[in-house]
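Have the model open as you read.

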Amino acid sequence: MLSKEEVKSCYSKFSRPMLDAPITVRIKFCKVGNLQFISHLDLQRSFHRILVRSGIPMWYTKGFNPHAKLVFGLPLSVGTESMCEFADLKIEREITLDEIKDQLNANLTDEMYVLEAYIPSRKFLEISYARYSITIKSDHLPDNSLAQIAKLFFVSTPIMMTKRSKSGEKEVDIKSYIKDIAANTDGNTLEINAVLAAGNTESLNPEYLVTAIKQNTDIFSDAQNISYRIMRTDVYDANMQQFR
């Protein structure tokens with residue numbers, strides 16, 4: 001059952017004039033903090049509810065089981081935060097892009113909010129890479145941590161790991177999925193900035209980098225009270241042009 005606020009929003013959106021044809025609007029949003037732990041399926045369900053509650057005049061399919069046209073680009077792994085999530089939705093009534101952004105943010109939180117609403121000119125299939133910032137903190141990091149990271153990622157030695165996919169598990173050299181990587185330390189913090197494959201056919205979960213560090217260095221074994229944070233900061237096409 002819809003709440004009073006949702007019923008009010010529905011009446012408001014039905015008062016808007018119909019468009020000649022539905023248009024696609026792209027939503028760029030962030031998903032940080034505790035929301036990193038909700039699954040992509042949970043995000044889909046929640047976002048649809050938020051769209052209804054916000055009174056966004058979405059286009060619905062016809063037939064016995066109508067549903068809103070809502071497509072997410074590059075689903076985020078559980079445990080990873082992001083400042084560049086994307087969702088495409090179809091609009092069937094007149095509404096400005098600023099109204100869409102403001103009405104959605106009025107029903108969102110500090111951990112998930114809309115950064116931008118715009119008319120897209122590119123398809124999600126054009127996404128090939130994603131940039132991640134991995135921050136590792138502890139009471140103590142080995143003095144040679146930078147050298148170990150460099151040795152692990154920059155020399156020609158393969159980094160063989162078991163990678164899971166829809167077709168099953170297989171041993172792969174994850175170096176082939178790394179476009180670029182850099183590391184630096186600041187006190188008790190190790191920062192890794194990496195550009196990883198994120199296309200439709202080839203992709204690498206940034207958690208594999210953390211696992212590789214655990215397996216190939218003594219950073220985690222020697223450090224105390226260790227914690228890490230993974231943040232997706234940008235996405236690119238095959239030519240390393242920023243995707244939007």
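## Ground rules

Buried here means under 20% relative accessible area, exposed means over 50%, and partly exposed is anything in between (1.4 Å probe, protein chains only). Helices (H or I, at least four residues) and strands (E, at least two) are DSSP runs, numbered from the N terminus.

This is a predicted model, so to speak of local features pLDDT of at least 70 is needed, side-chain atom pairs count only at pLDDT 80 or more, and totals for chains, interfaces and linings use all residues. Residues are numbered from 1 along each chain as its sequence is written, and side-chain values use heavy atoms, with hydrogens and water left out.

## The chain overall

We have six helices and 10 strands to look at. The chain runs to 244 residues, and 43% of them count as buried.

Now for contacts, meaning heavy atoms within 4.5 Å. Take those with a separation of 6 or more: 75% of them are between residues 24 or more positions apart.

## Strand 3 and its neighbours

How many of the residues of strand 3 are buried? The count is 11 of 13, so strand 3 is largely enclosed by the rest of the structure. Strand 3 covers residues 81–93.

Strands pair if DSSP finds at least two bridges between them. Strand 1 pairs with strand 3 in the antiparallel sense, over nine bridges; Phe29, for one, has Glu85 in strand 3 as its bridge partner. Strand 2 (residues 70–73) also runs antiparallel to strand 3, joined to it by four bridges, and here Phe72 partners Ala87. With strand 10 the sense is parallel, over two bridges, and Glu81 has Met231 in strand 10 as its bridge partner.

A salt bridge is a side-chain nitrogen of Lys or Arg within 4 Å of a carboxyl oxygen of Asp or Glu. By this rule the count comes to eight.

Two of these involve strand 3. Arg26 bridges to Asp88, with the closest N and O atoms 2.7 Å apart. Arg26 sits in strand 1 and Asp88 in strand 3, so this pair ties together parts that are 62 residues apart in sequence. Arg26 is buried at 1% relative accessibility, and Asp88 is buried too, at 12%.

Then there is Arg232 with Glu85, whose closest N and O atoms are 2.6 Å apart. Arg232 belongs to strand 10 (residues 227–236) and Glu85 to strand 3, so the link spans 147 residues of sequence. Both Arg232 and Glu85 are buried. Glu85 is also the bridge partner of Phe29, as noted above.

## Elsewhere in the chain

Salt bridges that share partners join Arg122, Glu126 and Asp237 into one network.

Glu99 makes a salt bridge with Arg16, and the closest N and O atoms are 3.4 Å apart. Glu99 lies in helix 3 (residues 97–105), while Arg16 is in the loop between helix 1 (4–14) and strand 1 (18–31), so the pair ties together parts that are 83 residues apart in sequence. Glu99 is partly exposed, with a relative accessible area of 28%, whereas Arg16 is buried at 17%.
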